[in-house]
Amino acid sequence: MTVPIVWYLILAAVLFCIGAFGALTRRSGIAIFLSIELMLNAANLTLVAYSRVHGDSAGQMFVFFALAVAAAEAAVGLGLFISIYRLRHTIDINRLNRLRW
Amino acid sequence: MLVAVFATLAVIAIVSAIVVVLHRNPVFSTMSLVVTLVSTAGLFVLLGSPFLAALQILLYTGAILVLFLFVIMLLNVQRERTAVTRASGMVIAAGICAVVLAGAVIRLFWAAYSGATFAPQNPESSSLVTIARELFGAYILPFEMIGLLLLVAVVAASWVAQKGDPAKSDTPEAPDAPAAASSVASGGKS
Amino acid sequence: MLTPTVVAALAMTGLWLFALINVTPIMLWLERRAPAFMQDRLGPNRLGPLGLFQAIADVLKFIFKEDVNPAGSDRLLFMLAPTVGFVASLLTYLVVPFGPEVTVAGHTFPLVVIDTDAGMLMFLALSSLGVYGLVLAGYSSNSKWSLMGGIRASAQMVSYELALTISVLAALVPSGSLNLSRVVEHQIHQHLLGFLPAWNIFTQPLGFLIFLVAAFAETNRLPFDLPEAESELVAGYHTEYGGLRMALFYMGEYQSMAILSALGATLYFGGWSVPMIDANAAGAWIASLPLVSAVLSPGIGTALFGFSVLMVKTYTFLFVFIWVRWTFPRFRYDQLMRLGWKILLPLALLNFVAVAALAVAGKI
């Protein structure tokens with residue numbers, strides 16, 4: 001017996017919302033980044049599930065490109081963290097509040 | 001059998017996702033994300049795309065998250081006193097948002113897909129040859145653009161992570177600067 | 001559940017595990033005796049014939065040492081770290097073939113545990129998990145030497161994985177498949193200039209060199225053993241480890257060396273094949289030998305033949321690992337990064353483009 005496709009989608013929704021909660025509430029920049037990766041991953045899961053429902057491989061291609069974009073994003077984002085850390089010696093976003101003044 | 005596998009993977013994914021979000025130690029968060037990603041790769045296999053599962057493990061856990069660990073250790077990110085922000089109103093609001101969002105999306109999925117079944121899949125469609133033909137046929141333009149994007153990301157990352165003021169320095173030759181920059185760039189190229 | 005396919009897979013797994021577990025004691029012995037002879041010494045030669053039992057003494061020493069947990073260490077990760085690298089290195093043999101399709105007791109199956117189209121991809125994915133063992137060990141030990149070792153390990157292994165992957169991709173181009181069984185078959189059935197077997201080493205010597213260098217860096221062997229450089233970092237990521245956990249690190253390292261050697265033999269040296277010898281005929285001959293003919297069928301004989309050939313090639317590689325270790329001095333960390341990113345990666349890309357162009361032109 002196979003698992004109904006909707007269960008995959010519900011699991012993805014739950015994962016996405018856990019990630020969203022983390023991205024909204026964590027203080028460390030790295031942890032926010034990790035939560036965003038979690039949300040991306042949930043989105044990938046829905047895309048693969050859609051591709052199986054509709055029998056169309058476009059969903060899998062999207063996931064392929066999403067993985068590549070995630071890699072690019074991680075490279076630039078972590079480079080920014082290193083750069084910010086050199087200037088401010090912290091990556092706690094509550095203390096990176098220059099723009100608020 | 002399949003249901004049991006799915007349930008196990010789903011529970012592992014959700015529990016480790018919660019650990020990612022709530023653990024105070026960034027290294028533990030990263031390692032839990034590794035667990036989530038590996039169990040999602042297992043779900044990809046269940047959904048009939050072992051290619052994406054292998055890519056997910058190779059790219060995400062093998063390269064991107066190693067990069068996260070590298071930065072966490074390089075910057076010596078400390079264990080936080082509290083996992084989430086101390087403004088409790090913010091936490092409550094975010095929690096309500098997340099729950100409402102989850103409810104709405106699940107309701108939507110249920111309405112649209114509750115009766116949906118797997119489309120009949122011919123065994124060829126998930127084979128590497130088919131995927132490669134599509135990737136280098138119909139999707140060749142996005143593919144090339146992704147290549148360009150990764151190149152830009154590599155250049156940007158190594159420029160941003162240089163020591164000193166990147167705008168002024170012509171030769172960034174403190175010994176560890178190129179090393180740090182290039183290892184950050186590695187996530188982009190792999 | 002116990003269908004013939006499952007039984008065959010279990011039997012092949014058993015064979016691999018036996019070989020991989022035994023790599024460690026053999027290498028412990030070889031790594032002392034071989035350099036000793038290179039340096040005109042004798043090496044440990046008292047315990048058993050040729051000092052062969054020295055490895056057993058080493059293992060006993062590991063077992064009876066106290067299991068220390070340093071103060072301030074992260075208990076869970078500290079205990080987990082050695083296992084991660086060990087297990088990751090124990091999974092990759094699944095896709096390496098060691099023989100052609102054989103028929104045993106009426107069932108035909110290929111001599112590889114998982115015969116899949118995405119074989120090479122699986123290999124790369126699983127072997128990329130090995131770095132976590134080193135990084136977690138470095139982080140959890142609560143020691144500056146370990147931390148430096150972990151940082152170096154993460155950067156080094158991610159960097160050299162690129163060159164390794166691209167050179168491997170180039171080696172896959174001639175056969176047009178990610179299934180390693182197809183790669184070996186292609187190398188057997190084609191011939192260069194009429195007599196040379198079409199081993200990839202003859203068509204892609206540059207690719208092989210890049211593969212070899214990257215393999216040294218991936219397994220943290222000299223001249224790239226920066227994560228555990230003993231003259232700078234005490235012992236790097238495993239400074240705080242002792243006893244069996246330390247042994248697990250050793251075993252993981254030797255196993256990943258062995259499995260990368262088997263991969264190199266498969267990709268560049270024709271895997272389980274010997275030129276001019278048909279594996280099936282050799283298997284039939286082995287099975288007809290007087291003492292074993294009662295137990296062995298020709299199929300099993302072929303499996304044993306292929307596995308022995310692959311192991312001979314693997315140990316040749318492992319000897320090169322030792323040879324290089326006692327020949328070259330260690331790189332500096334910035335030299336290592338420069339070599340990986342500014343020399344090996346462009347060369348690997350160049351090699352790949354050249355091979356692809358030749359393939360499109362129909363020359364290979």
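Helix H9 of chain C is mostly covered, with ten of its 14 residues buried. The model is predicted, and everything below describes that model. H9(C) runs over residues 205–218 and reaches 20 Å from its first C-alpha to its last, close to the 20 Å expected at 1.5 Å a residue. The buried set consists of C:Gly207, C:Phe208, C:Ile210, C:Phe211, C:Val213, C:Ala214, C:Ala215, C:Phe216, C:Ala217 and C:Glu218. Five helices of chain C are included in what covers these residues: H6 (144–172), H8 (200–203), H11 (243–268), H13 (298–325) and H14 (333–360).

**Positive phi in chain C**

Just after H9(C), C:Asn220 takes a positive phi of about 60°. C:Asn220 is not a glycine, and its place is in the loop between H9 and helix H10 (230–233) of chain C. A residue is buried if 20 or more other C-beta atoms lie within 10 Å of its own. C:Asn220 has 24 C-beta neighbours inside 10 Å and therefore counts as buried.

C:Asn142 also has a positive phi of about 60° and is not a glycine either. The loop that holds C:Asn142 lies between helix H5 (131–140) and H6 of chain C. Because C:Asn142 has 14 C-beta neighbours inside 10 Å, this residue counts as partly exposed.

A further positive phi, of about 50°, belongs to C:Ala105 in the turn of a hairpin. The hairpin is formed by S1(C) and S2(C), with two residues between the strands. Strand S1 covers residues 101–104 of chain C and strand S2 covers residues 107–110, and the two pair in the antiparallel sense over four bridges. Within this pairing, C:Val102 stands opposite C:Phe109 in S2(C).

**Chains A and B**

Chain A has three helices and zero strands, in the order α-α-α along the sequence. Its radius of gyration is 17 Å, whereas a compact globule of 101 residues would have one near 13 Å. Taken along the principal axes, the C-alpha atoms of chain A fill a box of roughly 55 × 25 × 20 Å.

Chain B contains seven helices and zero strands, and its pattern along the sequence is α-α-α-α-α-α-α.

| Chain | Quantity | Value |
|---|---|---|
| Chain A | Buried residues, of 101 residues | 55% |
| Chain B | Buried residues, of 190 residues | 41% |
| Chain A | Contacts joining residues at least 24 apart, among those between residues at least 6 apart in sequence | 45% |
| Chain B | Contacts between residues 24 or more positions apart, among those with a separation of 6 or more | 55% |

**Contacts between chains**

Two pairs of chains are in contact, and chains A and B share the most contacts. Chain A and chain C do not touch, and their nearest C-alpha atoms are 13 Å apart.

The contact between chains A and B takes 77 residues from chain B and 62 residues from chain A. On the side of chain B, the elements that give two or more residues are helix H1 (2–22), H2, H3, helix H4 (88–113), helix H5 (128–135), helix H6 (140–160) and H7 of chain B. H4(B) gives the most to this side, with twelve residues. By class, the side of chain B that touches chain A has 59 nonpolar, 16 polar and two charged residues.

The contact between chains B and C takes 25 residues from chain B and 25 residues from chain C. Helix H3 (50–74) and H7 of chain B are the elements that give two or more residues to the side of chain B that touches chain C. H3(B) supplies the largest share of that side, 14 residues. By class, the side holds 17 nonpolar, seven polar and one charged residues.

**Confidence in chain B**

The mean pLDDT of chain B is 78, and 76% of its residues reach 70 or more. Where pLDDT is low, the predicted coordinates should not be read in detail. H7 of chain B is among the elements listed for the side that touches chain A and for the side that touches chain C.

Conventions:
Residues are numbered from 1 along each chain as its sequence is written. Chains are lettered from A and ligands numbered from 1 in the order in which they are written. This is a predicted model: local features need pLDDT of at least 70, side-chain atom pairs count only at pLDDT 80 or more; totals for chains, interfaces and linings use all residues. pLDDT is the predictor's confidence in each residue, from 0 to 100. The expected span of a helix is 1.5 Å times one less than its number of residues. A residue is buried if 20 or more other C-beta atoms lie within 10 Å of its own, exposed if 12 or fewer, and partly exposed in between; C-beta atoms are placed from the backbone. Two residues are in contact if their C-beta atoms, placed from the backbone, lie within 7 Å. Ala, Val, Leu, Ile, Met, Phe, Trp, Tyr, Cys and Pro count as nonpolar, Asp, Glu, Lys and Arg as charged, and the others, Gly among them, as polar. The radius of gyration is taken over C-alpha atoms; the globule rule is 2.2 Å times the number of residues to the power 0.38. Two strands pair if DSSP finds at least two bridges between them.
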